[in-house]
Structure formats: structure tokens, C-alpha cells
Amino acid sequence: MSDVNDIRQRLISAATEIAGTSGILSSPSDTVGYLTDWRRRYAGQALAVVLPGSVEQVSQLIKVCSGLGVAIVPQAGNTGLTGGAIPLEDGPSMILNVSKLNRVREVDSLNNSVIAEAGCILATLRETVEGAGRLFPMLLGSVGSCQVGGLVSTNAGGTGVLRYGNMRDLVLGLEVVLPDGSIWNGLKVLRKDNSGYDLKQLFIGAEGTLGIVTAAALKLFPLPISSGTAMVSLSSMQAAVDLLKLFADRTGNKVEAFEIISKGQLECVLAHSEKRQSPLELTLPWYVLIELADGSIDWDPGRLFELILGEAIERNLVHDAVIASDSTKAQRLWELRHNISESNVRKGFSVTNDTSVPISKVPAFIEKVDERLTKTFEASDVFYCGHIGDGNIHVIVVFDRAFYDTAEKRENAAALANLIVHEVSVELGGSISAEHGIGMMHVRELEKFKDNLDLEMMARIKRAFDPGNIMNPGKILRSDRVNRIGV
């Protein structure tokens, strides 16, 4: 214990000299919010939480931690769902929170690019580039708190993946501080650069295990001149898949988002948030939010919605529909989707899965998962929502806290629910993680479902970049797997 106390004092002293007294938090009352994930599922301990104000300070802090043998847990907005930004308790660690690195460094409207620091909040980034007549299309329910560094490190998705892709598709370049403290300046804003390995791709989705992203060059798009939103009710998941194809065939690349929500999930949102009214009667099992957008001056989304939805009703794909008549009403529709996570947490112990399968297999996936989960668990609800346009359906099991009244019961139930969903996903050629990442939640599942050669190559990359295993150890890969590489 005396050794740990000595390391802690040396770390705090060095970090204070680097980041200043305002850049370090060490008392329990100050650090508690950084040591627990927002769902209150994971909690850890750290010697200190440090908030550097520059990339140079990040570099110096990493060198200090390396010298002291202290693990570094990178953290941005701490809105993740798999515990990736929370320290493990198997050794001394420091949380390096990038929230003070929050500048938008450059907006280039002609090049359709922006350079933003890792602590820049997504809402701020979107508002800034909108002022320059441009769109950054990433949009999540946590838009007001999630930050660029976390979005890059988890390869975030969101509601716009169907048209714009996930974060990997939106990143042009990165600035990263490596585990030895060196600063890699890969902030290029080029669309074409075929000069060797595309190194930035290694850090996208790496969850801070290879280095700390301190800034990102991102793609921008022209602001849509016209957009429209509709909500429809359907009797089956197959009807939703068929409706997606109809919209794709009739509109080309104008489908901005296509989000599925189950009836039970909507009822949960209405019961546990301020959104007390549904625009449609909740009589059918499935509901879809559709957004169309285009930059043409004379384009009329309302008219297009009427034509396509009329055809869909004639083909018995859609039972009922409502088209938002203005942006305010459209926002109210989307708030139903963006309030899902918070509503589920209020209802009970919420376990959210993040699998993906080929779009054609989505109906079979839902059928198999629903049958297995409902047979396995009592005192629970199974909800569904997600980005049907890319096959990423979130299976959400909400366990009654009174029935699952201990942490052990809840974690055992969560592990079994995850296993069931992952087994079905892999059976249908899917992935156990589409956009949330592995974090600490799915490390064991990754070993179960990932090919061993894949894991071996990942461990070799980790070992090559971080031979001391100080960067977010135990996330994605078990530390003992990484440590035995090359031994």
C-alpha cells in the first residue's frame, strides 16, 4: 500500500506541474463522476483524473505514467455503453480526460472539412459547421455530451449511417499521442492519399488502446436545403425491410435515416420521459422513423413521402403514417428515438446489445432472439430499436430491479442475455458489436466469437504500439493475451 501511495503522490505532483492545479482532480468527491459510467453499471478506481489543456501536456503526462508504471484510461464524454472509459482495478491507473481539448481549429467550407479537438462536444461541432453552411452528419442521442475523441475511438454510428457511414467513413485524418509520448500529426484533410499504410484506421475503433486521439480532421457535407420526417406503423419486421427497399428504389440516395422501434420500446419512452404523446396509435408491433433530405432548391419531401407511403399502404407494407409538417414536429418525432436509452435506465436494469447482421437476415434475427430471450428470462422486457438500414438492431433487455435484487443476479442475467443475442447474430453471419465497441463488457465474448487468428493479429498490433500495455489495458483484449505476445 505504501508503494501505491508513493506512486500516487509522485503522479499528482508531476501532473499538477504539467496541467496545473485546475487540471487535476484527486479527491473522491471530485473524481466520482469520472469513475462510473453514465448507466452506473461499471465503476473503477484511479489515482487521479487529469484534464490536460494541450496535446503537449498529453504527451508529457503519458511519459510520466510510463515511467511510474501507471495505466492510462483515455476518457472523453464518458457516454459509452460498454465500460471502455472506466478503469479496471487490477493495477494503478490515471484517467486522462480530454474535455479541455475542445476547440474547433479549422473549418474549410471549400474542402468540406473541419479539424476539431477530441474534447469538442458533438452538438458544438455541428452548430459551428452549420454556421459555415455545412453539415457534420453524425447524430446520437448523447449529442449534447459525447465528444469527438470518443466518437473516433469507438467508431460511433448513429442515425445517419445509412447515408453517410459511421465514424470510420467520416475521418480524414487524426492527431494521436502514442504510448511513448510521441505526437503523430496525421491531420491531413485529403480525400486521396495512397502513400503507404493508412495509419489513422488503426486508431479508429481502438478505444484508446493504441494511443490517445487528441484531434480529428472530419468530412463535411452541404447543408440539406429541404428535409422531411415521417413515422409509420407496420405489422412485421419483414414489412420494414421491404419498406426500406421501396424508399431506396424511389428516392435514390435521399434516405437520411431509417430507424426501427418496437411497440414496447415506444411505450417505455412515453412512460419514463417527458414525451407523453405518441403521434400514432400504438396498436402494431413495429414503428419506423424515416428522414429524407436533399440539397435541391425545388425538391419537395412532403410530396415524395405522400407518393411513396401511398404506394406502401397499397402494398400492405404500412398500416398508418404521419408526416411532420414542420421542423418542430419533426424534432418531436426524433426525440422519441433519442430518449430511448435514458428511459430504459429509468425503467430498470438495462442491458443494450449492439449487434449487426445482413439486412436480409434482420427478420430472422429478431424472431430467433425474441423467442430465446422471452423463454429464458422472467420479470423482464425485451425491446428493439436501431438502424435497420445497416442491419444494426439494438436488442435491449430491461430487468426488474426488485426481482434481480443483487449485483450478482443482474450481472449473471446480463451475461446470459448478451450470450443469447451474440450467438444468434453470429449464426446469421453478423457481428457482436456494430458501433458501441467492446470495452470491458464484451472482452470474453470477443474471444468466444472472434477467429483466433484475428485475435492474434490484434494482440500483435497492440504489443507493437504499446509494449508496456499502459494504454487502456484490459479493454478489447485481455492483458494476459497481450503480454504473452513475443514472450
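Visitor: Does helix α14 pass α15 in a left-handed or a right-handed crossing?
Guide: Happy to start there, with a note that this is a predicted model, where local features need pLDDT of at least 70, side-chain atom pairs count only at pLDDT 80 or more, and totals for chains, interfaces and linings use all residues. Residues are numbered from 1 along each chain as its sequence is written, and side-chain values use heavy atoms, with hydrogens and water left out. Helices (H or I, at least four residues) and strands (E, at least two) are DSSP runs numbered from the N terminus. A crossing is right-handed if the near helix is turned clockwise from the far one by less than a right angle, left-handed if anticlockwise, and for α14 passing α15 it is right-handed.

Visitor: At roughly what angle do the axes of α14 and α15 cross?
Guide: Axes are lines fitted to C-alpha atoms, for helices over the stretch in contact, with angles from 0 to 180 degrees between N-to-C directions. Those of α14 (residues 362–376) and α15 (residues 407–427) come within 10 Å. The crossing angle is roughly 155°.

Visitor: How many residues of strand β14 are buried?
Guide: Buried means under 20% relative accessible area, exposed over 50%, partly exposed in between (1.4 Å probe, protein chains only). Both faces of β14 are covered, with Trp286, Val288, Ile290, Leu292 and Asp294 on one side and Tyr287, Leu289, Glu291 and Ala293 on the other. The strand is largely enclosed by the rest of the structure, because the buried count is nine of the nine.

Visitor: Which residue stands opposite Val288 in β14?
Guide: Strands pair if DSSP finds at least two bridges between them. Strand β13 (residues 255–262) pairs with β14 in the antiparallel sense over seven bridges, with Glu259 opposite Leu289. Strand β12 (residues 226–234) is also antiparallel to β14, over nine bridges. Opposite Val288 stands Val232.

Visitor: How far apart are the C-alpha atoms of Lys100 and Cys120?
Guide: Lys100 lies in the loop between β4 (93–97) and β5 (104–108), and counts as partly exposed at 35% relative accessibility. Beyond its neighbours within four places in sequence, Lys100 is in contact with Ser22, Gly23, Leu51, Pro52 and Gly53. Lys100 and Cys120 are 20 residues apart along the chain, and their C-alpha atoms are separated by 8.3 Å.

Visitor: What phi does Asn472 have?
Guide: Most residues other than glycine have a negative phi. Asn472 sits in the loop between α17 (452–465) and α18 (479–483), and is buried with a relative accessible area of 1%. Although Asn472 is not a glycine, its phi is positive, at about 45°.

Conventions: Contact = heavy atoms within 4.5 Å.
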